[in-house]
Amino acid sequence: MRFVILRQADAGGPAGPALTPSPAITVHESADLAPPTEAVRIVFTGTGTREEAGSILRDGPALTGIAVIEAPSRADAVAWLSLQPEGAAFELRETGCAAGLEGVEPGAKASRPRFLVVVRADADTEAERAPPPERLQRMGERNDEAVRAGMLLAADGLRSTANGLRVRVASGRARVVDGPFTEAKELVAGFWLVQADTIDEVVAWVRRYPYAMDRPEVEVRPVVG
């Protein structure tokens, strides 16, 4: 099963330790993120866009990294996360667009700086309501164009938090909280891992992308390393 792990920290807190490997888990992609202060938030207003500094996840757990993994089952993924080092905190989400849009398989090697693009969830994505077919087609075409251009390294939608969970390791124990999570404004609905020479190049691409939402909020964050 394919999952996305969102590494978290309390708002303003430290990033916490990196993931430790396991022979039972395949990590297809992993990225540590620059601090939220280096993020660019793009807000679609209906009459255009505006840019703001900072993360789209302003009040909830801070996003500090992302990993795309393959695990035999959800239970195996949870067991692995529960064995991570003290202070680790994660949100585990199943991958896949509820409407059937195919993701971009991780695996391409980056030769330029990497950036993570995430789109904030809303009530429609949490309810897994499908956007119009013509919009899905445009999204797929734009993804294909970015792959051919060598820009897009990996991408996928995230299923709703109804089947997700959060794991926090503290005081030698793992606390597991099952979804759904009600704070839709502080959730991620999908991601794109891209490479580009500058963050401005990524922001320009974000502005042209045909998102499933009518007025999305999108974040661009540099990847460390």
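**Entry 1: a buried asparagine**

I call a residue buried when its relative accessible area is under 20%, and exposed when that value is over 50%. I am working from a predicted model, so I keep to local features with pLDDT of at least 70. With that cut-off in hand, I looked up N143. Is N143 buried or exposed? Its relative accessible area is 5%, so N143 is buried. I found N143 in helix 3. I then asked which residues N143 is in contact with, leaving aside its neighbours within four places in sequence. My list reads L101, V104, L152, W192 and Y209.

**Entry 2: the largest nonpolar core**

W192 turned up again when I went through the largest nonpolar core, where W192 is among the residues that touch the most other members. I noted which elements supply at least two residues each: strand 3 (40-44), strand 7 (114-120), helix 3 (133-148), strand 8 (152-157), strand 11 (188-195), helix 4 (199-208) and strand 12 (217-224). Which element gives the largest share of this core? Helix 4 does, with 4 residues. As background for myself, nonpolar side chains in soluble globular proteins tend to be buried together.

Beyond its neighbours within four places in sequence, Y211 is in contact with F44, V119, R135, M139, W192, V206, P216 and V218. I also wrote down a second, separate core of 18 residues, with L57, L116, L153 and F191 among its members.

**Entry 3: helix 4**

I found V202, V203, W205 and V206 buried. Why do I place them on the same side of helix 4? They cover an arc of only 160° around the axis, so they share that side. On the face turned away from the buried side I found D200 and R208, both exposed. What covers the buried residues includes strand 3, strand 4 (49-53), strand 7, helix 3, strand 11 and strand 12.

**Entry 4: helix 1**

I repeated the exercise on helix 1 (residues 74-82). Its buried residues are A77, V78, W80 and L81. Looking down the axis, I see them fall within an arc of 160°, so they line one face of helix 1. What do these buried residues pack against? My list has strand 1 (2-9), strand 2 (26-33), strand 5 (62-70), strand 6 (89-94), strand 9 (165-170) and strand 10 (173-178).

**Entry 5: empty space inside**

Next I went looking for holes. Rolling a probe the size of a water molecule over the atoms shows where empty space is left. How many cavities of 30 Å³ or more does the whole structure have? The search finds 1. The largest cavity has a volume of about 70 Å³. Its lining is made of L6, Q8, L57, P61, A62, L63, E91, R166, E186, L187 and V188. I had already met L57 in the second core. Strand 1 and strand 5 each supply at least two residues of this lining. By class, I sorted the lining into 7 nonpolar, 1 polar and 3 charged residues.

**Entry 6: the largest pocket**

The largest pocket holds about 550 Å³ of space. Helix 2, helix 3, strand 8 and strand 11 each supply at least two residues of the pocket lining. Sorted by class, the lining has 19 nonpolar, 6 polar and 9 charged residues.

I finished with the backbone. The peptide bond from G179 to P180 is cis, with omega near 5°. I located P180 in the loop between strand 10 and strand 11.

E128 has a positive phi of about 55°, although it is not a glycine. I found E128 in the loop between helix 2 (123-126) and helix 3. Its relative accessibility is 26%, so I count E128 as partly exposed.

S171 also has a positive phi of about 55° without being a glycine. Where does S171 lie? I placed S171 in the loop between strand 9 and strand 10. With a relative accessible area of 69%, S171 is exposed.

Methods:
Residues numbered from 1 in each chain as written. Predicted model: local features only at pLDDT ≥ 70, side-chain atom pairs only at ≥ 80, totals over all residues. Heavy atoms only, no water. Buried < 20%, exposed > 50% of the residue type's maximum accessible area, 1.4 Å probe, protein only. Arc of directions from axis to C-beta. Contact = heavy atoms within 4.5 Å. Core = buried A, V, L, I, M, F, W, Y, C linked by side-chain atoms within 4.5 Å. 1 Å grid on protein atoms, 1.4 Å probe; cavity = no way out; pocket = protein on both sides within 12 Å on 5 of 7 lines; lining within 4 Å. Points joined across faces, edges and corners; volume = space filled by probe spheres on them. Nonpolar A, V, L, I, M, F, W, Y, C, P; charged D, E, K, R; others polar.
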